[in-house]
Amino acid sequence: MVQLIMGLKGSGKTKRLVEMVATAVREESGSVVCIEKDKKLTYDIPYQARLIYACDYAYAMGSYDFFKGFLSGLHAGNYDITRVFIDGLYKITGEKDAAKAETFLDELSAFSEKHTVNFVVSLSEDPAAATE
């Protein structure tokens, strides 16, 4: 399953994501991962969750294709991952393209179903502009 948290800048997407991470850490039996662009959430994310800074892997985070490979490698290294939180998809990929993001989310959904990993993705986009 892929769940989207959509809203314009300043609408509380990150705060909601942090709350969801804390809940997942308490309730999930597997590993919880949170990926963010910078090191802003260091003290907000519970230590039980694996916090990954995309800026540390900037050489690999330039497009949706690289990000798909990164997520696949992350899963290959730890089959116990049950939940992945992605804060700011456009910031991490460096591409603010709604069509590419939609394709990426469709592929992420297929990955989720195949490997039973649930994703929560925050996206700075007007929810009224969202497609199904």
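Analyst: The expected span of a helix is 1.5 Å times one less than its number of residues, and helices are DSSP runs of H or I with at least four residues, while strands are E runs of at least two, both numbered from the N terminus. This is a predicted model, in which local features need pLDDT of at least 70 and side-chain atom pairs count only at pLDDT 80 or more, whereas totals for chains, interfaces and linings use all residues. Residues are numbered from 1 along each chain as its sequence is written, and side-chain values use heavy atoms, with hydrogens and water left out.

User: What makes one side of α2 a buried face?

Analyst: Buried means under 20% relative accessible area, exposed means over 50%, and partly exposed lies in between, with a 1.4 Å probe and protein chains only. By that rule Tyr64, Phe67, Phe70, Leu71, Leu74 and His75 are the buried residues of α2. Viewed down the axis of α2, these buried residues fall within an arc of 130 degrees (taken from the directions from the helix axis to the C-beta atoms), so they line one face of the helix. On the other side of α2, the residues Asp65, Phe66 and Gly77 are exposed.

User: Which elements do the buried residues of α2 pack against?

Analyst: They pack against the strands β2, β3 (50-53), β4 and β5, and against the helices α3 (89-93) and α4 (98-115), where a contact means heavy atoms within 4.5 Å.

User: Which residues of α1 are buried, and what do they pack against?

Analyst: The buried residues of α1 are Lys13, Leu17, Val18, Met20, Val21, Ala24 and Val25. They fall within an arc of 165 degrees seen down the axis, so they too line one face of their helix. Their packing partners are β1 (2-7), β2 (31-36), β4 (81-87) and β5 (118-124), while the face of α1 turned away from the buried side carries the exposed residues Lys15, Arg26 and Glu27.

User: Why is Ile52 called buried, and which residues does it touch?

Analyst: Ile52 has 4% relative accessibility and therefore counts as buried; its place is in strand β3. Leaving aside residues up to four places away in sequence, Ile52 touches Val33, Cys34, Ile35, Glu36, Tyr57, Phe70 and Leu74. Of these, Phe70 and Leu74 are among the buried residues of α2. Ile52 and Val33 are 19 residues apart in sequence, with a C-alpha to C-alpha distance of 7.4 Å.

User: What makes the pair Thr82 and Glu28 a polar contact?

Analyst: A polar contact is a pair of N or O atoms within 3.5 Å; within protein, one must be able to donate a hydrogen and the other to accept it, and residues adjacent in sequence count only if both atoms are side-chain atoms. The side chains of Thr82 and Glu28 are joined by such a contact of 2.8 Å. Thr82 is found in strand β4, and with a relative accessible area of 19% it is buried.

User: Why does Thr116 count as exposed?

Analyst: Its relative accessible area is 61%, so Thr116 is exposed. Thr116 sits in the loop between α4 and β5, is among the residues that Thr82 touches, and has a phi near 50 degrees, a positive value in a residue other than glycine.

User: How do you know that the radius of gyration of the protein agrees with that of a compact globule?

Analyst: The radius of gyration is taken over C-alpha atoms, and the globule rule is 2.2 Å times the number of residues to the power 0.38. For 132 residues a compact globule would have a value near 14 Å, and because the protein has 14 Å, the two agree. The C-alpha atoms fill a box of roughly 35 × 30 × 30 Å along the principal axes, and 42% of the 132 residues count as buried.

User: How many helices and strands does the protein have?

Analyst: There are 4 helices and 5 strands, running β-α-β-β-α-β-α-α-β from the N terminus on.
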